[in-house]
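Please read them with the structure open beside the text.

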Amino acid sequence: MSSLLLFFMLGVPLLSPRLTATENGKTEHVEQPVGSHLRVKRGWVWNQFFVPEEMNSTSHHIGRLRSDLDNGNNSFQYKLSGPGAGRLFMIDKKTGDIYAIEKLDREERALYMLRAQVIDTSTGRAVEPESEFVIRVSDINDNEPKFLDEPYEAIVPEMSPEGTFVIQVTASDADDPSSGNNARLLYSLLQGQPYFSIEPTTGVIRISSQMDRELQDEYWVIVQAKDMIGQPGALSGTTSVLVKLSDLNDNKPIFKESLYRLTVPESAPTGTSIGKIMAHDNDIGQNAEMDYSIEEDDSQAFDIITNNETQEGIVVLKKKLDFEYQNHYGIRAKVKNRHIDEHLMKFHAEASTTFIKIQVEDVDEPPVFLLPYYAFDILEENPHGSFVGIVSAIDPDNRKSPIRYSITGSKVFHIDDNGTILTTNTLDREINAWYNLSITATERYNVQQISTVPVYVQILNINDHAPEFSQYYETYVCEDADSGQVIQTISAVDRDESIEDHHFYFNLSVEDTNNSSFVIIDNQDNTAVILTNRTGFSLQEEPVFYVPILIADNGVPSLTSTNTLTIYVCDCDDDGSTESCRNKELMLSMGFRIEVIVAILIFIMIIFGFIFLFLGLKQQRRKTLFPEKGEDFGENIFRYDDEGGGEEDTEAFDIVELRSRTVMRDRKARRSTTAEIRSLYRQSLQVGPDSAIFRKFILEKLDEADNDPYAPPFDSLQTFAFEGTGSLAGSLSSFGSAISDQDENYDYLNDLGPRFKRLACMFGSAMQSNN
């Protein structure tokens, strides 16, 4: 069996019968029996490489991996695997040389377990088993000492003797403590002499000279830590220590006031703070802490507690006071330090005292309930006006005012003047099992004096809800189902609360028991199974079965309900699965929903279409027929209030003379509108300008009406307002028409288009009949 040989600077390879190591140009050959343990020779561990950390070279040679079967013909390929392989370490596949391609930091990782293997490139197989070796990162002094627990603060008593312990500071160095002196530290003081000293190796600071707090109460000490035992090139770190001097307890607390006057209302509850007293101590810190106490109090109604933050004495009420019984009290208080050294007891032989006078004030107190809270229970479904419970409050004052009760924010309960709580509605535990009420007691003589008490009402359960199916069951049975086949498992729920666990009983209804296609078996665990009671079903004859199932609970009294289970006959798959029927029902349901949605959308679109069409037509009708003359028509309206003079007046004004025979039209062929306008214009020049203008106006309006897409319908009335200039030929008046109609030819109306068809028919045919 062949083996691997590793060549390296500070180590040699593993698990090889013959190992070769290279160091400083010298080669050592070590014979090692197969299966024997690795040995240490000349300080080398045969399965380790040592690499200095923080190497600046981007490709640092670590060692060499070589098989004793490698004859140098480049047929072997070396592979490296494990943590950092390819990222931190690489291997020359042909020579087996191992390199570090990045800087290594021992403080991040000091050891890498790598695996090496040799592959024969001609066969692609491993020459020998995979070998494992270690690369250790050797340490350099690249980390300075650090004080991790800073800032430091210490307190020592003033006038402490020399050598008194103050504090110990500790620095740590991230370098390898086993690698030379890189992590060996020495401590020294940069500031703090002559009052303090430090032990070089432990960092313990001690007092070297007595100090007086009244002269200076704080000192700053600067400590330096150096590695490499302070040798040249060592790295250092510093920290500061605040040393505070504590005072000796050589002063006792003293009351500056010999008399305190306090007042307290009689309604004050137990524990009420009545007032404060204060003693002064020249000491500081722990020596100034004091305790107050009652020295004389025959009533045993008061106590004094110490506020540790402010060092004040707080006088508190220890029991209820009654102005009618006693309205003033006198007590004596004393104070002493909490911590007194044995050798300083001579300064605290006699405690300082003061006298306190307490005046009780009379007040109108609110009603007092006999209990701090009330709890009642009542059965659900009790009728209106049922009794719930009684609450009671009294007036503690001498006048004993009557009490009036009320319930805050409740429409379910009512309370009378005696404190009796009654129901105003039927209660249902399933809707609300607990009611939290607030009862108010008010004095009749002083409505400002009120008190409240919580009242808890529990609604007790009665069995008033029958059990029912726990869910909707969609049940299918195959047409070719055999008798006794389980087609559904059912369960039940009950809204009632049960003292014991609910238990349900399942059975078929009486009318369905004897002649049923299905049977039910109660599992006695609040479930039941439905089984077929015959062989074969027909989808065509009976597609659906409705099975009534009775469910009874274990309440008192027991309640029963009938629940109908719908069973659909299914044309099942060959394997007897009903999934196809379920999927078919789902697809039909979804298809129906899609059709409904599409129909709704089409309906909405039709409605919007009608709305837009209606708005469009309405907008068109609002447009004026002759927009270009909309503001001119008002100027063409004249009013004549002249009244004729009878028969004689007709001789003075002969209307017939206004008409001219020259404008009588002959029957002619239809011509274009433009040609007609030119002809009428030329003809009108013979009888006056107004006739041509009027004819042109009429024809223009006629042309506009025929070509205007927004014109009114054919049978609508159109008004052509025009006023002439008085020409005999231009008048359109009907006066004298009886004389001229017989000579007038109205056939030209046939040329004016469909709008004048009826006029042409009336007048043209009349003229023809007259002729």
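Leaving aside its neighbours within four places in sequence, which residues is Ile490 in contact with?

1. Basis of the note. This is a predicted model, in which local features need pLDDT of at least 70 and side-chain atom pairs count only at pLDDT 80 or more, while totals for chains, interfaces and linings use all residues. Residues are numbered from 1 along each chain as its sequence is written, and side-chain values use heavy atoms, with hydrogens and water left out.

2. Ile490 and the core. Beyond the neighbours within four places in sequence, Ile490 is in contact with Phe469, Tyr473, Phe506, Ile520, Asn526, Thr527, Ala528, Ile530 and Ile549 (contact means heavy atoms within 4.5 Å). Ile490 is also among the residues with the most contacts inside the largest nonpolar core, which has 27 residues; such a core is a set of buried Ala, Val, Leu, Ile, Met, Phe, Trp, Tyr and Cys residues joined through side-chain atoms within 4.5 Å. The elements that give two or more residues to this core include strand 42 (486–493), strand 46 (544–552) and strand 47 (560–570).

3. The chain overall. There are 7 helices and 47 strands in the chain (DSSP runs numbered from the N terminus, helices being H or I of at least four residues and strands E of at least two). Of the 771 residues, 36% are buried, where buried means under 20% relative accessible area, exposed over 50% and partly exposed in between (1.4 Å probe, protein chains only).

4. Four strands, in the order 23-25-28-27, form an open sheet with antiparallel pairing. Strand 23 (254–255) and strand 27 (302–307) each have a single partner strand, so one side of each is left without a neighbour in the sheet. Strand 25 (residues 273–280) and strand 28 (residues 312–317) pair over 5 bridges (two strands pair if DSSP finds at least two bridges between them).

5. Salt bridges. The whole structure holds 11 salt bridges, each defined as a side-chain nitrogen of Lys or Arg within 4 Å of a carboxyl oxygen of Asp or Glu. One of them joins Glu289 and Arg338 (4.0 Å, N to O); Glu289 lies in the loop between strand 25 and strand 26 (290–296) and Arg338 in the loop between strand 29 (328–337) and strand 30 (352–361), so the pair ties together parts that are 49 residues apart in sequence. Glu289 and Arg338 are linked with Asp291 in a network of salt bridges.

6. Helix 2. Phe612 lies in helix 2 (residues 579–622) and counts as exposed, at 56% relative accessibility.
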